[in-house]
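Please look at the sequence and the structure first.

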Amino acid sequence: MDPEPFEVGHVVREAINILSSSRNGVQISEALGTIKCYLGGTENQAPLKEREEFTRVHFSAFLRGLVSNLSPDWIELLTSDQQKELWDSFFLEGPADQVFLVLLDSIISMGPSFCLMKVISILEQFLQTGGMSALMWEVCHQQAQAGLPTFQETLLNKVVCLPDHLCNKLQGNNLPIFFPQNYFPLLATEIIQVLQRISDSLRDGLDCSISFVSQVLGKVCMHGRREEILKVLVPRLMDLTKVDCIWQRICWRLVECVPDRWIEAVVCGFVQKAPGADVLSRLLGNLVVKNKKAQFVVTQKLLLQQYSYATAVLQNLLGYLALDSLRRYLLIKVLKELLETWGSSSAVKHSPVEQQLYVSKAILICLSHLKEPEIESNGQELLTSMMGGMKCHLDSNLPRVRRLGMIVAESISSRITTDGPCLKFQVRLHRNDSPSATPTAVSKPSGNPHPAAPAVPEEGSDLELDSDDDLIPYDMSEDKELKKMKVPVYIRDCIEVLTGSEDMDKWEATMKVLESLIRRNSATTREVSMELAKVLLHLEEKTYIEGFVELRKRALVAVTITDAVVQYLTSQFYSLNYSLCQRMDILDVLALAAQELSQPQASGKNKPRSTQSPCIQTVPGSDSSQNWRRIVDERIKSKTRRLAKGQSLVEPACGPNKFSSLAGHFFFPLIQNFDRPLVTFDLLGDDHLVLGRLAHTLAILMYFAIHTVAAAAMGKSLLEFVWALRFHTDSYVRQGLLSAVSSILLSVPSERLLEDMTDEFLETQSWLADVAEKDPDGDCRRLAWQNLLLMENLLKKLRSVPS
Amino acid sequence: MALPPPDPQFVLRGTSAEVHTLHFYCGGQEPDYPILFSGSSNGLIHVWNLKTRRVDTILDGHGGKSVYWVEAINGRDRLLSQGSNQQICLWDLAEGRNTVTDSVFTENVGFCKSSLLKVAQGHWLMAMPGKDLDEVQVLELPSKTSVCTLKPEADAKPGMPMCLKLWQPDFGSCPFLLAGYEDGSVILWNLSGGKILSRLGCHQEPVMSLDFDSEKKKGVSGSSEEVLTVWSLDEQQNLKVQKTHKLVNAGIADVAIRQDKKILATAGWDHRIRIFGWKKLKPLAILNYHTATVHCVSFSDHSRPSERLLAAGSKDHRISIWSIYNQTSGALHCSLETRKPD
């Protein structure tokens, strides 16, 4: 047995004994001084072997002894200089890894006391004086000589969880340095320092392991602190790697050494934080090629599974793939996968619009990175997937999806067709929908606002120079040819013109005047209403008229209001030989008419069609999100009315609800036949657009049927309708159904709802809960939540008024 | 984006008949208020107070027959009015009177507006359609003596005179007459010799109205077709077409050049008033208010340019008053005032 180890151990034990038993300051400081020799750094240091022995075997135990003896009166035996020199220095100069572990262990095990405060202040000093970098360096150093895995594991845990431990211990008295938002940036700077030392030692030809640092980084990122740590780390690394290839290697190594289970967090963090694709490429190197997991994260997870990242992140990511020839094959692979997703009809139907937007953006970015030869070799494939994808996008009922499809298809087509015509849609870009990765310059409003329009500008004294150019013209776009057409004055004349006339001017004038004529001459209208409705329904736009669709619709509404041609319209909805457009027109007209009928008549002549937005409906091709907003608005409005009943009572306009007696005629014929397919019209099949519109229209009719006798019966059959279609794949239909549920909740008296339809009510409620949680469409989820809220309110109201 | 055209500053209603002619008198000093005379198809002449925007006086002297020309003579106290009862009346409006003091029988059944030119203090020349269909007669007022009768040679056949404009290059020099005829030609007459100086066939249809800028020796004429023609008079007293402008809708009932020679207004059969820059005939504005043919346009003779108004009378019984292109800067304002003709 070696006598020396024994001797060191003996000395240490003796010192610990003295520390714990003695109350003599001189004795204590002497003992501490003896031990201090083993730390080195003083004049009379112990021999190297003994020092190593001490640090390896006895240091932790000694530190524990130091800490356990700590008490206020004990520490006062030492002068403050001695405290600093002898006590503190053990912690600040000793091997950092052991110090750190002892400190944290004591903190965890101690209750609040003087001792705890002392230890914490030491820990604070330890952090401030670069203890962490010393610690990591030490571990890296040891690792090169194969350190102890369990010890490292513990250390890693403690390093990463330090803020948690301290927060738990100190609660409200925590020091700022231990806050995560301060600690992790500090850790990042310490990491940089370690890396600096590693790079120095590499330059000196010494081996060094970086894996502990990688582990720290990985675990921190995994613990959700990547924002804090990378905020500091990435910019520094970016600077350091700019010119130095050793630093680049270190950086690549740093990321590569992150264990697989944490690599996702790290890669995501880098991708988000890097300011550009070139920086990312410098930082990550060819990680995606080397590491399967990283490759999966980059090519699958970030692109196809998640969709919350900003466009800049996408640009980073795809730019990174495109930058190196080793990685380019991945770019093409990614593009193909993206296109597959984009073109999959199931994805179009079931994934949220936001995700589709994300995928579209990614596709456009990929396209912009492709080079000519790559496009040529993949042209056919691109074309095929474009055609497929376009088809299922154009099939969608959501205008936003259609538009997305058109934009992407246009871009693909313009990329793959080098010569010859490429695909061109007449899409009006909505700024926020545009998936374009580099947003094109927004077209600025042309022309400049005139500073003082009709003024004759100053032109000095030289009047001969004056010219017309100084006079700024007004807008003259209104200067159109004057129509000298005789406008028909009688409704019968109108019918004649609309059915027979070849005179387009006359025809146009008739269209423009028809609605007011109908409204003015209700008696005559009644005589010819059926004929007029028929003519209007079948009317085609023979020549371009501004707002023809609107004019025709208004005229039809006017007829519907004046005389009950409702039956005719509802029966025509389900009959043969109508186009989808006409069927949807019928729905719109019914909804508008219901609205007008249900408004109090007293409010005069200039009513609803102008106040309520005229687009209760959409013509195919126009925007159904408009429709959307309207319904939501409507709901909000209705809710406000419910809450502020006092106000609505004061409302001066009142009169019999004309819709009351007609509501059934509007509603039931429409809801009856939806499940009976015709040859040309299959609501449950391909014509889901019309089905969606039908659902919305029924919701509107239900809404306007509030306070009518038929409301309860209508509500019941509408609930059944909703129940039958609740799993429809088209989100537009589901939105309609959810609006219908809202209308039911608002219009049907709550007693009826809860007593006569309890089962349906409860079933609907559970369905709504399901939708609110799982539906891929954001609007559907929101609507479902609103409905649930409405239900909750109903129940609450009922409970608060016990019968 | 150009600004949308302005709305009328105000509208005068209450003539209850088509408004055929308008004439401002705004030259008076305080406390005289600016006046607008309007003649309408029911034979009444309304005197509008532009300050209160109400009718001051209604003059009835044409037996219910349409009044198609009014012009103040010698301040605001004397008024000439021409009606389709073939009378040109001289009204005395001083001190609240409204009596016809004198009248001339025109012997002409057309609707050619007369033209008045002040040749000396208290002396005027008036050109009016004559007894024969194609004849123009020039009288000296107030004596009513005939100065000359201008009758085209038998083979010229320009048809009836449709519009007249008397002018003289400088005050005191020999006056000229510009007349637009039924066949679309504009003829320049020399009053002293009673001879045609120049004849310009500038329209296919009858010339409905013309106005002449005697400084620039340049005039404009409108007809029932959709063309506005600007012609000029060269040193040899020849009329030459300078520029034509094609309108969207046919028919111009009246043209008027503003006194500062900056803009030109036309009264359109298409219910619209058009404003052009006078120098280059640049279209400036379409004023859309009336719901029927506009019969006449007139610029006010306010001494301050910024107050200058444009009035238009229409078949829809309304007179619209517009304030347009009259904001001038200070320096210009002064120089314009000094340049103001007459």
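## Terms and basis

A residue counts as buried under 20% relative accessible area, exposed over 50% and partly exposed in between, with a 1.4 Å probe and protein chains only. The model is predicted: local features need pLDDT of at least 70, side-chain atom pairs count only at pLDDT 80 or more, and totals for chains, interfaces and linings use all residues. Residues are numbered from 1 along each chain as its sequence is written, chains are lettered from A and ligands numbered from 1 in the order in which they are written, and side-chain values use heavy atoms, with hydrogens and water left out.

## Chain B overall

Of the 342 residues in chain B, 56% are buried. Its secondary structure consists of one helix and 29 strands; helices (H or I, at least four residues) and strands (E, at least two) are DSSP runs numbered from the N terminus. Contact means heavy atoms within 4.5 Å. Among contacts in chain B between residues at least 6 apart in sequence, 44% link residues at least 24 apart.

B:D213 belongs to strand β18 (residues 207–213) and is buried, at a relative accessible area of 0%. A polar contact is a pair of N or O atoms within 3.5 Å; within protein, one must be able to donate a hydrogen and the other to accept it, and residues adjacent in sequence count only if both atoms are side-chain atoms. Polar side-chain atoms of B:D213 lie 3.0 Å from the backbone nitrogen of B:E215 and 3.3 Å from that of B:K216. Beyond four places in sequence, the contacts of B:D213 are B:K218, B:G219, B:I257, B:K261 and B:W278.

B:A253 is in strand β22 (residues 252–257). It is buried, with a relative accessible area of 15%. B:G268 is 15 residues from B:A253 in sequence, and their C-alpha atoms are 5.9 Å apart. Beyond four places in sequence, B:A253 has contacts that include B:M208, B:W269 and B:H295.

## Helix pairs in chain A

The axes of α20 (residues 353–369) and α22 (residues 399–416) of chain A come within 10 Å and cross at roughly 10°. That makes α20(A) roughly parallel to α22(A). Axes are lines fitted to C-alpha atoms, for helices over the stretch in contact, and angles run from 0 to 180 degrees between N-to-C directions. Angles under 35 degrees count as roughly parallel, over 145 as roughly antiparallel, 65 to 115 as roughly perpendicular and the rest as oblique. Among the residues that meet are A:L357, A:I363 and A:L364 of α20(A) and A:L404, A:V408 and A:I412 of α22(A).

α28(A) and α32(A) have axes 9 Å apart and pack at about 10°, and are therefore roughly parallel to each other. Their contact includes A:L587 and A:A591 of α28(A), and A:L694 and A:L701 of α32(A).

In helix α31 (residues 663–672) of chain A, the buried residues include A:F666, A:F667, A:L670 and A:I671.

A:S209 sits in the loop between α10 (180–203) and α11 (211–241) of chain A. This serine is buried, at a relative accessible area of 17%. A polar atom of the A:S209 side chain lies 3.3 Å from the backbone nitrogen of A:S211.
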